Amino acid sequence: MPPSPPGRTSASRPMTARPGFRRFAHALNVGRGGFGTPIADRAWRDLRACLLGWGAGTPADAPIASVLASLWLGRSALPPRLGLRAWGFRALVREHFPGFPKSAALPRPIAVAPCRLGQTGVAEEIQDLERLLLSGRATAAPATRRLAKLLAVGCMGYGHMWKDMGFASRAELRSLLTAAAPKVVRRNTRDMRWKKFLYRELCKSEAGYVCRAPSCDACVGYAECFGAEV
Ligand code: SF4
């Protein structure tokens, strides 16, 4: 790092002028410009790494860093604030990345993959999923409510949940689900696809979601529920 000019220490430099934030802003520009290229993939990793550098050190930081990097680089099927209110979205970022410069505006997301949000009945469906996840949370902290909402909204994409939400891997989805609703996660003993599993749980709770067969082993949809998510 170059020496600070006389009379001005690096500590007095605005956060947005510091190398960590400049790297973040650069990754954002490059990732948006080179959509779908290896350069954009590298920018996605850089953006995620910058966020983690400002992280709180919780197990949910890494999956949320992936979700945000994907959201801000147009690789997500989630809505602009992940389905949260403006203050809830800011709280999520502050809570997991307390080092993110307070003076910096949060990046605006760019065009995202289509999802089912806005369709008839979807708002109720999200509420049902949210209720299910909240029923399995370990603590009543407001943060788990935000995670439950984010994950419920994440079920509204048309593809695999972990890809639609912009995680680095399916394991990251599991880790965020575990942070939000560990008791629900423990019930997925056969490693069923997560979105299918959550709807199966709703089916069992008689919330009006009906499975195709009384038992998974006898069901023609078995591969859709248990197949690899690639
Ligand atoms: S395999 Fe069939 S019964 Fe089992 S969760 Fe899937 S749709 Fe429902």
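V122 touches R116, L117 and M156 once residues up to four places away in sequence are set aside, a contact being a pair of residues whose C-beta atoms, placed from the backbone, lie within 7 Å. V122 and M156 are 34 residues apart in sequence, and their C-alpha atoms are 8.0 Å apart in space. V122 counts as partly exposed because it has 15 C-beta neighbours inside 10 Å; a residue is buried with 20 or more other C-beta atoms within 10 Å of its own, exposed with 12 or fewer, and partly exposed in between.

The model is predicted, and local features need pLDDT of at least 70, side-chain atom pairs count only at pLDDT 80 or more, while totals for chains, interfaces and linings use all residues. Residues are numbered from 1 along each chain as its sequence is written.

V122 has its place in helix α5, helices being DSSP runs (H or I) of at least four residues, numbered from the N terminus. Of the 13 residues of α6, 10 are buried, so that this helix is mostly covered; among the buried ones are T144, R146, L147 and K149. The buried residues of α6 pack against the helices tabulated here, as well as against α5.

| Helix packed against by α6 | Residues |
|---|---|
| α4 | 86-96 |
| α7 | 161-164 |
| α8 | 170-180 |

Around the ligand stand K196, R200, C211, R212, A213, C216, C219, G221, Y222 and C225, where near means a C-beta atom, placed from the backbone, within 6 Å. Helices α10 (194-204) and α11 (222-226) each supply at least two residues of this shell.

Methods. Two residues are in contact if their C-beta atoms, placed from the backbone, lie within 7 Å.
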